[in-house]
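I opened this model to look up its sheets, helix packing and chain contacts. My entries follow in the order in which I made them.

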Amino acid sequence: METIVNISFAMLRMAAPLILVAMGGVFSQQVGLINIALEGLMLLGAFAAVLAAFALHSALAGTFAAILVAMLFVLLFALFVLRFRANLVVVGLAVNILALGLTKYLLQVLFATRGAFAPTDLPGLLPLDIPGLRAIPILGGILSGHSPLVYVSLLLVILTHIFLYRTIPGLHIRAVGEKDDAAKSAGISVPRMQYLALILSGAFSGLAGAQLSLGNLQLFSENMTNGRGFMALAAVYFGRGRPLPTAFACLLFGFFEALQIRLQTRVGIPPQWPQMLPFAIIVLTLSLISLRQARHKA
Amino acid sequence: MIRDTLIAWGRETLRIVFTLLTALVIGAVIMWLSGKDAIAAYKILISTAFGGRLEIADTLLTATPLILTGLATAVAFRAGVFNVGVEGSLYLGAFAAAWVGFTLTSLPGPSLLIAALLAGAIVGAAWALIPGYLKARLGVDEIVTTIMLNYVAIYFTSYLVNYPFAVPGLANAMSPLVAANAKLPRLLPPSQLNSSFVLALLAVLAMAFLFSRTALGYELRVYGSNPLFARWSGMRPTSVILKAMLISGALGGLAGAGQVLGVNYRFVANFSPGYGFDGIAVALLGRNSAWGVLLGAILFGALRSGGATLELMMDIPLELIRILEATIILFVTAQFALRWVRRRRMSTASETAE
Amino acid sequence: MPYLEMRGISKQFPGVLANDHIDFSVEQGEIHALVGENGAGKTTLMRILYGMETADEGAIILRGKEMRIPNPQVAISLGIGMVHQEFQLLPSLTVAENIVLNREPRRGIFLDRTAAVQAIENLSTRFGLGVEPTVRVANLSVGEQQRVEILKLVYRHAELLILDEPTAVLTPQETRELFAIMRRLSSEGHTVIFITHKLGEVLEISSRVTVLRRGRVTGVLETARTNAVELAQLMVGHEILTTQKEAAPAISDETVLRVEKLQAEDDRGLMAVNELSFEVRHGEILGIAGVEGNGQRELVEVLVGLRPAVSGRIYLDGTDISYEAVRQRREQGLAVIPANRSLEGLSLPCTITENLISTRYHQPPCSHRGLLNLPAISSFAQELMVRFDIRAESPRLPTRVLSGGNLQRVVVARELAAVPRVLIAAHPTRGLDVSATQAVHRELLKLSSEGVSILLVSADLEEIINLSDRILVLYRGMVVGEVSASQANQEELGMLMAGRGWTAGDKK
C-alpha cells in the first residue's frame, strides 16, 4: 500500500511537466499545427526559470520568466511557419537545435559552468501542503505535498477542456484546425487563431520547463528535458488532440518514468534498461493504438 | 542539359552562401552581446577550417559523418519519410562494426574491415526498419517513433559497453579495441582523416546516381512528391517506405561504423555529439540533394572544426556553432517558402480564371 | 432601380480574360439565373461580387450606391451571401455550431447553445429549411448540408444570395426541394442569383437569365420569353455539337471485365458498394450514371485495387484479379483516368516526362535491370506529346505550369500509351472547357472502336448518354437500372438516380 501511494505520488510528480507541455501540444494540434518544438520550448523555459529565480531570488519570477521566454520563442516558430510558410517539422527541429545550443552556450557564458547549474540557494517551487487534503486516506498521500505547478497541471487539463469545447475562442480554434477555408469564409481570422494556439502552447511549455527545473530539482542541467517534449507529443497523438485522453497518456508515461527511477536504484538492474523504458513504452503504445485502429476498420 | 545543371548548382551555392552570411551576422551579434570579438572569432574560424592542408583535412574529418548522416536523412526526406532516427542507426551501426572488429578477429586481411563496415550498415538498416514497418503497415507517425527509438539505441549501446562488453579497468564506458586490420587507413597523418571520407564521397556519388539514373530513385522521389498519385500509378507505399528506411538506416549505420573504425577504433558510449541530428540540418541546407549535402556537410564541418578552436582560444562555447546551424536551417526553409509563396500566388490566380 | 448592378466589370488572369466589360443587373426579389459553359466567367463575376476577387475595371452598385467590396466580410455586412460549389462546413461540429460560427450568441466567452438552437429553429421554420440543429454535419446528406449552408446565409441577414451550381450534387428530388426553398426566399423579399449550366433548371425556376460566353454577356432575357435552344445558342455560339456515337461498331460478345457481387465500404465504414454485378464487353462503353456519393468513387477504387473489397470478385479477361495489387492489374491491361486529376492522376511538381512514365518506369524500355534508360524515356515522352497533342515547350517542364486541358492530356497520354484492355474513365471531362471535352470524347470513342472496353463514370448525363452503349444507374451502391443508350432519356435516368426504383427501361 505504501509503495502504491509512493509510486502514484511520483507518477503525478513526473507526469506534471508532461501534462503541462502536452496541453500546449493539444492546442497546437487542435488548430492543425503539429508543434515539434515543444521539447526546445520546454528546455528554454527551464533555463529561463533558473536564470530568473537565481537573479531575482524568487521562484515566482522564475516561473514567469519561463512563460515569457517560451512564448517569445514560439513566436519565432510561428513567424517562420505562418508568415514564411516554412515546413512545420523543419522549423520545429530547428528550434529544438537552437534551444539546446543556446542553453548550453548561455550556461557557459553566464555561469561559467558546463553540465549543470545548481546553486545552493536557488529558490524552488516549494511543495504545498494543502490542509485537509493530507487527511484523506490514500488519495491524500498521493495528492498532497506537491509543487504548486502539479496542481496547476491538473487544473489546466480541465480548463483546456472547457476552453476548447465550451467557449467561443475554443470553437474557433477547432474550426480552424478542422478546415481553415471554412473558418475563413465564416470570417474567422485563421492566423489569429493559429497564433493564439501557438502562444498558449508556448506558455504551457514554459510552465512545464519551470516545473522541471524549479519544481522537482532546483537546478538546470544540459538537455534536462531529455525527450519529454516528444513524449508529450506522443501523448497528444495518443489522445488525438483531446485534453482528457492526452492527460491520461501523460499519467501513463509519468508512471513509467517513476518506475524507471525506482528500478535504477535497485541493485542488479543496469540503469540503462529502466532509462530506456519510457521511450520503448511510447513506441509500443502508439503501435498498439494504430493496430487497434487498423483492426477496427477490417 | 549540362548548362542547366551548372546553372542549378550555381544557384544552390549562391543560396547556401547567402544563408551562411545571414547566419554569420547573427552569430556576430550574439558574440558581441557576450562581449567577444566577432571578427577575430571569424578569422580564427576560417583559418582553422581552411588555413592549411592539415586544417582542411580536419575539416573534412569532421564533415565525414555529417555527409553520411545528411545523405541518410535526405534519402528518407525525399521519399516523404521524416526519418529523425538516424542517430539511433548510427549508434547501433557503430557498435555492430566495433563488435565485428574486436570479435571476428580471425578474419584475414581486409575482409575484417569489410565485414565490420557491412555489419554497421546492415544493423543500421535493420534498426530503421522498425519505425519504417510501423509507418508502412500501421500508419504510426514516424517522427515520434524515430525520436523515441534514438533514445532506446543510445541507452542500449551504453548498456552494452557498461556491462557485457565492458573492458575491465577502464574508467570510461567503452568497448575493446578493434583489431588492426579492421582499422580504416589514415589519409593524411597526423590528421585523423581516414578512408571513411572516401566512403562518404562514394556515398554521395551513389546517391546522386540513385536519384537520377535508377528506377528505385525515381520511385522514391515520385512517391515523395505525391504519395496518392504514386499509389494510383501502381507503386506500393509499404515497399517504398521500407526501401527508403533501409537505405537511410544503412547510411546512418555506416556513419557510425566510419567513426568507430576510422577515428576511435572502439565504441565509446555517447560518442556522438549529435551527428544524426546534424544530418538533418545538413540535409535541409542541401535541400536533400547529394551535392547539396556534400557542400552543407563540409560547411558544417568547417564550422565545427573552427568552433573547437574558438572555444580553446577565445573561450567561446562550441554551442555557438549550434546556434548558427539552427539559424541557417530556419533561413533555408524560409527561403524555400518565399519562392514557393510567390509561385503559389501566380498559380492560384490562374486557377480561379473561370 | 435594380437591387444590384455590376457595370463594366473586367477581370484578367494570366492568359485569360475572365470577365470582359460585363454589365449585370438583378432586381429585388427575383431569381436570376447566370448561365454559361465552364470557363465562361460566371464564377469569377460572382467571386468579385462576394469580395473574393477584385475587378480590374468596373463598378458595383448595390441599392443605388456604389460599393467597394474588398473581402467577403464586407460582402456579408452588405447583405450578400454565397453558397459555394464546395461546401464550407466543418463536419465534426454540429449544425448549430456551423451556422452561428463567428456570430455566436454568447454569455461572456461562453457559447450560448440554447440561444443558438432557438434562433436556428426559428429561421428553419420560416424558410422551410428543416434541419436538426444538434446533429453533426458529418452525418447529414448532401441536400441537408446545402440547407445548412443556406441557413448560414440567412442567419447572417443575407438579402442577396448567390448559389454556385447548387444542383450539381443533388438528386432530382432534392433539386425540387431546393427550388421550393428558393421560391420561399424570393417571396420573402430575398434576391437569388443562381449559377448553373443546366438549361432545364433555368427555365423552371428563374424569372430572368443572363448568359455569358467567353467572359462577355451574350444575352439578358426574361425566362418566360425564351427557350432552351435560344439559351444554348447564346451559351455556345452555335448549335451544340454533341459527339454522337455512331451506330454500334463491333461489340463482340466477349466479356472483358466482369464484376460479381462486389461489396465495399467507404472511409467511414459504411457500405458504399452493395452487391454490385455487371460486365463490360469488348469494345463497349458502359456508362455508370449516378449522383456523386452513391458509391462511384469507392467502386473505381476497388476496381483499380486501391480499396479492398469486403466480398465479391473481379475478373479481367477471365482472370480473377480481385486480390491483385494495382501494378499487377495494370499489367493485365487495366488503365484508369482518375477523377481528381491533380491529386490522383498527376504529381504536379514532377516533370511531364516523369508523369508519363509513372506506370511503366520499372519495365523496359524505360528501365533495364533497375537502371533508367534516359534516351528511351525521352523519346517516349516526345512521342506521346505529339500523339496526344500535349502543348508545352518541353517535356522537362514541371506539370504544374500546365492548364487543365493539358493536364488531362498528360493523364490520357500516359494511360493510353499502350492500348489497354479496359479503361476506367472517372469524370474525365470535369473542369475542362468545350474543346478539351470534345477532344476527350473523341479519344474515348476512337478507343472503343478499336475494341477497348470503357467504364465511364460521370455525373454529366449528357456525356453519359452521348458516349455510352449501355448505362447503369448507381444508387446507394446498387445498380437500380440498366438502360441501353439509344433508349435513354434524362428524365428517366434522373428518376433512377434519385432511387425511384426500376422502370422497364429496356422497353419503350
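Entry 1, the mixed sheet of chain C. I traced an open sheet of six strands in chain C, in the order E18-E21-E22-E15-E23-E24, with mixed pairing. Strands here are DSSP runs of E, at least two residues long, helices are runs of H or I of at least four, and both are numbered from the N terminus. I take two strands as paired if DSSP finds at least two bridges between them. At the edges I found strand E18 (334–337) and strand E24 (478–484) of chain C, each pairing on one side only. Neighbouring strands of this sheet are turned by 20 degrees against each other on average, direction ignored.

This is a predicted model, so I noted the limits: local features need pLDDT of at least 70, side-chain atom pairs count only at pLDDT 80 or more, and totals for chains, interfaces and linings use all residues. Residues are numbered from 1 along each chain as its sequence is written, and chains are lettered from A and ligands numbered from 1 in the order in which they are written.

I then looked at one pair in the sheet. E18(C) pairs with strand E21 (residues 422–426) of chain C in the parallel sense, over four bridges. C:Val336 stands opposite C:Ile424 in E21(C).

Entry 2, helices on that sheet. Which strands does helix H9 (residues 296–304) of chain C lie across? I listed strand E15 (285–289), E18, E21, strand E22 (453–458) and strand E23 (470–475) of chain C, with H9 running at about 150 degrees to E21(C). Helix H15 (residues 434–449) of chain C lies across E15, E21 and E22 of chain C and runs at about 150 degrees to E22(C). Axes are lines fitted to C-alpha atoms, for helices over the stretch in contact, and angles run from 0 to 180 degrees between N-to-C directions. Contact between two residues is called when their C-beta atoms, placed from the backbone, lie within 7 Å.

I found four strands in an open sheet, in the order E14-E13-E16-E17 (chain C), with antiparallel pairing. Strand E14 (271–281) and strand E17 (319–320) of chain C are at the edges with a single partner strand each, so one side of each has no neighbour in the sheet. Strand E13 (residues 255–265) of chain C pairs with E14(C) in the antiparallel sense over eight bridges. The bridge partner of C:Gln263 in E14(C) is C:Asn274. H9(C) packs on this sheet too, touching E13, E14 and strand E16 (311–316) of chain C, and its direction makes about 60 degrees with that of E14(C).

Helix H8 (residues 215–225) and helix H10 (residues 237–264) of chain B pack at an angle of about 110 degrees, their axes 10 Å apart. H8(B) and H10(B) are therefore roughly perpendicular to each other, a term that covers 65 to 115 degrees (under 35 is roughly parallel, over 145 roughly antiparallel, the rest oblique). B:Leu216, B:Glu219, B:Leu220 and B:Tyr223 in H8(B) meet B:Val240, B:Lys243 and B:Ala244 in H10(B). I sorted the residues of this contact into five nonpolar, no polar and two charged. For the classes, Ala, Val, Leu, Ile, Met, Phe, Trp, Tyr, Cys and Pro count as nonpolar, Asp, Glu, Lys and Arg as charged, and the others, Gly among them, as polar.

How many residues of chain A are in contact with chain B? I have 39 residues of chain A against 41 of chain B. H4 (88–111), H10 (228–238) and H12 (272–297) of chain A are the helices that each give two or more residues to that side of chain A. The largest share, 14 residues, comes from H4(A). This side of chain A divides into 29 nonpolar, eight polar and two charged residues. Towards chain C, 15 residues of chain A are in contact with 17 residues of chain C. There the largest share of the chain A side, five residues, comes from H7(A).

The peptide bond from B:Pro189 to B:Pro190 is cis, with omega near 0 degrees. The peptide bond from C:Pro364 to C:Pro365 is also cis, with omega near 0 degrees. A:Asn226 is not a glycine, yet has a positive phi of about 45 degrees.
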